[in-house]
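Please walk through the model below, from its overall make-up to single side-chain pairs.

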Amino acid sequence: MKKITTQIVLLLAILFLAVIAVGIYRFNYTNQDIYVENKGGGEAKQINTYDSTYIVDGQQVTLVNSFSEIPAAPGSASQIRTAYFGNDLSADFDGDGTQDIAFLITQETGGTGVFYYAVMKLNKASGTVGTNAVLLGDRIAPQSINMSDGALVVHFADRKEGEDFSVSPSVGKSMYLKLNSEGLLVVVPQTRTAQPTYTKQAVTFTEKDAKAIALKSCIKAGDTLGTGSYNSNSKTWWFDAQLSTTKAGCNPACVVDSVKKTAEINWRCTGLIVPPVVACTMDAKQCPDGSYVGRSGPNCQFVCPQ
C-alpha cells in the first residue's frame, strides 16, 4: 500500500512539472504580443510589440513592456510615466515593404493631466525605430484610427474651448498625420470639390435618432447611456456607456454609424495594466557610449541611450 501511494505522489509531481513546462513554453514562444529581436552580435532578447524609443516633447522615452517611468528631474521624487494606450493600426507607413504599427500612448508628469500622443513604430531591416510623438490633447476621449488619402487620421473627442476639465469631452475632432524624412507631422487634409447631389428632402440624423439606435443595439437592462458627441469626419455618434458587463481598464462607448444606421460597443481599452512601483537598487552600468545609467522601469533594467 505504501509503495502504491509513493507511485501516485510521484506521478502527480511529474504531471505538475509538465504543466509548468508547457505554460513556460506557451508564454515565451506563442505570445503574439512578444517577438524576438536580434540586432547581431549577441543573444536574442524578447521585446513587447510596442517597445522602442520614442521622442516625446523633445525627450527620449524608451518603453519596456509598454511602460516607462523616469524622474521628472535629477533627484526628483516625481516620476514621468509613459504607457501604451491602444487604438492600433498596422500599415507600411514608410514604404519599405514591411508592416509598421501606429498607436496611442499616454504620459503623466506628476500633475492631474493625462496627455495623449500618437506615435509610430517602424520595422526596419536593422531593427525597430520609434517616431516622434504628436500631442493630441490633455484628458481627451480617444475614438478610432484609420487611413485616408495616405494620411493617418486619429479621431477623438475634446472639450469646447474654455470648458473646465471636469466636463466630459463632447466635441468630435480628427487629426491628420503623415510620415516623412522629418518625422511624424500634422497635415491639413486636402479638400475636394463636392459633386452636386439631388435629393427630395434633406434628412438630418440627430442625437435623438442615434440614441434610439444605441438603446436598442447596445443597452441591456440596468445599462445607461451618457450624452452623445458627433464626429463629422467618421460620421459617427459616440455615447459613453455604463454597462453591467465590464472589462478591466476599459471605458466603453456605444458608437452609432449615421450612414449605415448601425451601432456597436467600442470598449476603448488601454491594453495595459500599470505595474506596481518597484524600488530598484542604486547600482549603475556603463553604456557603450561611455555614459552611466541606473536601473529603471518595472523590471529595474539598465536602459542605455540608443
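Predicted model: local features only at pLDDT ≥ 70, side-chain atom pairs only at ≥ 80, totals over all residues.

The secondary structure of the chain consists of two helices and 21 strands. The chain has 306 residues, and buried residues make up 34% of them. Taking the contacts between residues at least 6 apart in sequence, 37% join residues at least 24 apart.

One sheet can be followed strand by strand. Strands of a sheet pair through backbone hydrogen bonds, in either a parallel or an antiparallel way. The sheet in question is open and has three strands in the order 19-20-21, with antiparallel pairing. Strand 19 (284-286) and strand 21 (301-302) stand at the edges, and each has a single partner strand, so one side of each is left without a neighbour in the sheet. Strand 20, residues 292-296, runs antiparallel to strand 21 and is joined to it by two bridges. At the level of residues, Arg295 has Phe302 in strand 21 as its bridge partner.

The next topic is aromatic rings. A pair of aromatic rings is described by the distance of the centres and the angle of the planes. The model has seven aromatic pairs, counting rings whose centres lie within 6.5 Å. Among them is the pair of Tyr50 and Phe103, with 5.0 Å from centre to centre and 70° between the planes, which makes the pair edge-to-face. Tyr50 lies in the loop between strand 2 (45-48) and strand 3 (53-56), while Phe103 lies in strand 7 (residues 100-108), so the pair ties together parts that are 53 residues apart in sequence. Are these two residues buried or exposed? Tyr50 has 9% relative accessibility and counts as buried; Phe103, at 0%, also counts as buried. Tyr50 and Phe103 belong to one aromatic cluster together with Tyr54 and Tyr84.

Rings also take part in contacts with charged side chains. Arg139 has its charged end over the ring of Phe165, 3.8 Å from the ring centre. Lys261 lies over the face of Phe205, and here the distance to the ring centre is 4.8 Å.

Charged side chains also meet one another. Side chains of opposite charge can pair when their charged atoms come close. How many salt bridges does the structure hold? It holds five salt bridges. One of them brings back Arg139, whose side chain meets that of Asp138 with an N to O distance of 2.8 Å. Arg139 is partly exposed, with a relative accessible area of 23%, whereas Asp138 is buried, with 15%.

Another salt bridge is formed by Lys173 and Asp158, at 3.4 Å from N to O. Lys173 is in strand 13 (residues 171-180) and Asp158 is in strand 12 (residues 151-158), so this pair ties together parts that are 15 residues apart in sequence. Lys173 is partly exposed, with a relative accessible area of 33%, and Asp158 is buried, with a relative accessible area of 15%.

A further salt bridge joins the side chains of Asp240 and Arg268, 2.7 Å from N to O. The two residues are 28 apart and link distant parts of the chain: Asp240 is in strand 16 (residues 236-242), and Arg268 is in the loop between strand 18 (262-266) and strand 19.

At 5% relative accessibility, Ser68 counts as buried, because the cut-off for buried is under 20%. Which residues does Ser68 contact, leaving aside its neighbours within four places in sequence? Ser68 is in contact with Val61, Thr62 and Leu63, and with Ile80, Arg81 and Thr82.

Terms used
Residues numbered from 1 in each chain as written. Heavy atoms only, no water. Pairing = 2+ DSSP bridges. Helix = DSSP H or I, 4+ residues; strand = E, 2+ residues; numbered from the N terminus. Phe/Tyr/Trp six-rings, centres within 6.5 Å; stacked < 30°, edge-to-face > 60°. Buried < 20%, exposed > 50% of the residue type's maximum accessible area, 1.4 Å probe, protein only. Lys NZ or Arg CZ within 6 Å of the ring centre and 35° of its normal. Salt bridge = Lys/Arg side-chain N within 4 Å of Asp/Glu carboxyl O. Contact = heavy atoms within 4.5 Å.
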